[in-house]
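The reader may wish to keep the sequence and the structure in view throughout.

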Amino acid sequence: MERVYQFLDEVHTYYLATVEGVQPRVRAFGTALLYDGKLYIQTGKVKPVSKQIAANPKVEICAFKGGKWLRIAGELVNDDNRDVKVAMLDKMPSLKPMYSADDDNMQMLYFKNATATFSSFTEEPEVIQF
């Protein structure tokens, strides 16, 4: 999981896919945090992506860097733990004008039942489950 997190952290931008009804939705994200043995992402509860995840927690992430790409498929679980919110805000202070660890909007989500696949055109895929 550390390698998966490091890839996301280095790439800075990844793409998160959700479903809204029968329509796929993809958007750019940049938040990633490894905390207490879990891989987290962050969003706002007022955003459509939060509502899509609540309706169907199965998501996929895709990121590309240096001729390699990473796909993560899994379920996202909401975590309202204040400590993990503080850790994300400390890691990414640019979020502080928009979010607070004590507001009702900041949403931390961690992956469960996840499969991460590192791929390239020149190497065999590497699969990591967590």
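## Strand E4

The model described here is predicted. Strand E4 spans residues 38-44, and six of its seven residues are buried. The strand is therefore mostly covered, given that a residue counts as buried under 20% relative accessible area.

## The partners of E4

Strand E3, residues 33-35, runs antiparallel to E4 and is joined to E4 by three bridges. Within this pairing, Leu33 stands opposite Tyr40 of E4. E3 and E4 form a hairpin with two residues between the strands, and in this hairpin Asp36 takes a positive phi near 50°.

E4 also pairs with strand E7, which comprises residues 106-120. This pairing is likewise antiparallel and extends over five bridges. Here Ile41 has Leu109 of E7 as its bridge partner.

## Helix H2

Which residues of helix H2 are buried? In this helix, formed by residues 48-55, they are Val49, Ser50, Gln52 and Ile53. These residues lie on the same side of H2 because they cover an arc of only 160° around the axis. The face turned away from this buried side carries the exposed residues Pro48, Ala54 and Ala55.

## Packing of the helix

The buried residues of H2 pack against several strands, and E4 and E7 are among them. The others are E1 (14-20), E2 (23-29), E5 (58-65) and E6 (68-79).

Conventions:
Residues numbered from 1 in each chain as written. Predicted model: local features only at pLDDT ≥ 70, side-chain atom pairs only at ≥ 80, totals over all residues. Heavy atoms only, no water. Buried < 20%, exposed > 50% of the residue type's maximum accessible area, 1.4 Å probe, protein only. Helix = DSSP H or I, 4+ residues; strand = E, 2+ residues; numbered from the N terminus. Pairing = 2+ DSSP bridges. Arc of directions from axis to C-beta. Contact = heavy atoms within 4.5 Å.
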